[in-house]
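Please look through the sequence and the three-dimensional structure shown here before reading on. The report is meant to be read with both in view.

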Amino acid sequence: MTTAIIIGSGIGGLATAIRLARQGISVAVYESAEKAGGKVSQLHFDGFRFDAGPSLLTLPELVHELLDDDLRFPIRKLDVITKYFYPDGTQLSAFSNVEKFSAEVGQKLDIPSSKVVNYLKKAAKVYELTSDLFIFGSFHRIKTLMNLKSLRTLIHFRHLQALNTLHEYNRQELSDGRLVQLFDRYATYNGSNPYETPATLSVISHLEHNLGAFIPEDGMFQITDSLYQQALRLGVKFHFSQPVRKVDAANGKVSGVIIDTGFVAADIVVSDIDIHRFYSSLLPDKKRLARITKEERSSSALIFYWGMKGVFPELDIHNIFFSSDYQDEFEHLFEKKKIYNDPTVYVYISSKYNRSDAPEGCENWFVMINAPADTGQNWDELIAQSRKNILEKLERMLGKKLSESIVSEQILSPPDIFKQTGSVNGSLYGSSSNSRYASFNRHANFRRDINGLYFVGGSVHPGGGIPLCLSSANIVDGLVKEQLQKRPK
Ligand SMILES: Cc1cc2nc3c(=O)[nH]c(=O)nc-3n(C[C@H](O)[C@H](O)[C@H](O)COP(=O)(O)OP(=O)(O)OC[C@H]3O[C@@H](n4cnc5c(N)ncnc54)[C@H](O)[C@@H]3O)c2cc1C
């Protein structure tokens with residue numbers, strides 16, 4: 001029987017384990033943490049429950065297609081995706097229904113509603129042209145590049161806006177600064193800078209607005225928990241608190257991994273860990289590491305999990321409080337590697353729909369700001385300063401005192417993200433997409449020169465975020481099938 005070892009049980013690793021087990025492969029997962037899920041985790045303290053990492057799901061069908069019917073869970077489509085608060089006092093609800101959203105924009109921002117409708121139509125076109133090649137296919141393979149659809153993408157290259165930055169494109173299409181800021185924000189969905197990332201990233205707004213934003217009824221952790229249950233059902237063996245130290249590969253072939261207790265043989269090894277860490281320690285390779293290091297890291301996050309006494313009807317499930325100078329904020333994050341003093345603040349309150357996430361009369365606030373990747377900043381100082389700035393900002397914009405309402409607190413900083421998940425510099429999404437070549441430079445899902453070695457997860461092709469990690473698992477599934485078919489019987 002063919003054997004496979006998966007290094008890491010993040011969402012990419014879990015999805016790969018399920019897919020390979022369904023191929024009849026005997027799969028073992030080695031995970032350095034005590035539990036499965038990686039960045040998709042949850043916290044419980046003082047009667048509150050928090051999703052610790054991701055808070056919003058797009059393309060939920062990519063999760064459900066992995067699960068047996070009885071393991072599928074209710075996923076709710078959000079009516080209001082995000083409520084936006086601007087420094088000038090404007091409040092805007094981004095409804096998932098495009099007509100309703102564009103009417104809201106027309107009313108609150110005094111902009112013809114056709115602007116938003118047209119923008120989202122163009123974003124849909126970019127998705128249609130790029131998704132098979134850049135998201136669902138392995139474009140590192142000649143076979144993918146040479147098919148008719150890929151040719152069509154190249155013919156329609158001008159529609160992709162790959163030569164403009166997202167911000168330039170948004171300014172040209174949307175004119176109003178507040179609407180530009182709203183659509184610029186999608187760059188942060190893969191930890192990038194809207195003033196540098198190519199406008200092709202407008203596809204993210206298509207996923208959220210045209211296809212929908214979702215949330216599992218019992219929280220985001222339900223996603224990885226269900227995948228874990230499914231993998232167990234298929235006979236996948238999990239080894240927790242057992243980090244893989246080295247990958248063994250010689251003569252163009254992988255042969256297994258080394259863990260603390262010795263060598264474990266396998267025909268196939270799939271890495272779900274940060275590719276930077278893979279080449280710095282598991283399979284040291286200076287040349288490849290240098291290539292990866294050349295790519296700018298994606299941003300990180302500083303998160304305050306606040307148990308709040310009181311109920312705040314002016315807030316929705318997802319809320320954004322924008323900064324007054326977005327460009328300056330991104331210069332701080334990516335060039336100065338600092339946290340901005342007037343940060344854009346994201347507040348996610350899952351207890352708005354799942355009352356059991358907070359005690360009676362309370363709410364669970366996940367308060368997140370973008371942070372630079374960790375390059376050795378003084379995080380104690382930055383945390384104290386940011387906490388003060390965030391509170392002052394929210395109190396000013398909501399017109400109410402909040403500090404006394406915080407009854408419980410935990411904090412997650414970029415160094416914590418590294419400690420908990422092995423993401424180098426605490427970056428949320430591996431390398432950023434701050435250059436027009438970023439997609440092409442991402443590490444492939446396979447090694448041409450090492451048979452049996454594969455890569456999934458947010459730091460390799462097609463990139464970070466739950467749907468893309470799930471897509472990487474699907475790509476690897478196909479590559480392994482091909483490898484096994486080619487093997488002499
Ligand atoms: C705060 C935050 C908010 C986010 N928000 C969203 C969102 O709203 N929507 C969205 O789609 N995405 C979001 N993301 C991104 C998303 O969570 C990630 O892209 C995705 O979960 C990464 O999955 P992965 O497969 O790369 O594995 P990871 O989650 O990175 O897991 C890797 C696993 O490998 C293990 N590991 C590391 N080294 C070893 C070793 N040597 N041996 C064995 N195991 C090892 C780690 O312990 C970890 O469990 C967010 C991420 C964060 C942190």
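## The chain as a whole

This is a predicted model, and its protein chain has a secondary structure of 17 helices and 19 strands. The radius of gyration of the protein chain is 22 Å, which is close to the 23 Å that the globule rule gives for 489 residues, so the chain is as compact as a globular protein of that length. Along the principal axes, the C-alpha atoms of the protein chain fill a box of roughly 70 × 55 × 45 Å.

Of the 489 residues in the protein chain, 61% are buried. When contacts between residues at least 6 apart in sequence are considered, 70% of them join residues that are at least 24 apart.

## Surface and charge

The accessible surface of the protein chain comes to about 20000 Å², and carbon and sulfur atoms account for 51% of it. The side chains of the protein chain include 56 that are positive and 55 that are negative, and the centres of these two sets lie 7 Å apart.

## Two domains

The protein chain is divided into domain 1, which is made of the segments 3–40, 221–296 and 430–486, and domain 2, which covers 99–209. The C-alpha centres of domain 1 and domain 2 lie 29 Å apart, and the contact between them takes 20 residues from domain 1 and 20 residues from domain 2.

## Backbone details in the loops

A cis peptide bond, with omega of about 0°, joins H461 and P462. P462 is found in the loop that runs between strand β19 (453–455) and helix α17 (466–486).

L59 has a phi near 50°, which is a positive value in a residue other than glycine, and L59 lies in the loop between β4 (48–51) and α2 (61–64). S175 is not a glycine either, and has a positive phi of about 55°; its place is the loop between α7 (166–174) and α8 (177–184).

L62 is found in helix α2, and because its relative accessible area of 12% is under the 20% cut-off, L62 counts as buried. Which residues does L62 touch, not counting residues up to four places away in sequence? With those neighbours left out, L62 touches F136, P467 and L470. L62 and N474 are 412 residues apart in sequence, yet their C-alpha atoms are 9.5 Å apart in space.

Y340 is found in the loop between α13 (326–334) and β16 (345–348), and although it lies in a loop, its relative accessibility of 11% is under 20%, so Y340 counts as buried. Not counting residues up to four places away in sequence, Y340 touches S323, D325, D328, E329 and H332. One of these, D328, is 12 residues from Y340 in sequence, and the C-alpha atoms of the two residues are 8.0 Å apart in space.

Definitions and conventions:
Residues numbered from 1 in each chain as written. Predicted model: local features only at pLDDT ≥ 70, side-chain atom pairs only at ≥ 80, totals over all residues. Heavy atoms only, no water. Helix = DSSP H or I, 4+ residues; strand = E, 2+ residues; numbered from the N terminus. Rg over C-alpha atoms; globule rule 2.2 N^0.38 Å. Buried < 20%, exposed > 50% of the residue type's maximum accessible area, 1.4 Å probe, protein only. Contact = heavy atoms within 4.5 Å. Areas by Shrake-Rupley, 256 points an atom, 1.4 Å probe, with all protein chains shown as cover. Lys, Arg positive; Asp, Glu negative; His and termini not counted. Charge placed at Lys NZ, Arg CZ, Asp CG, Glu CD. Domains from an automatic or database assignment.
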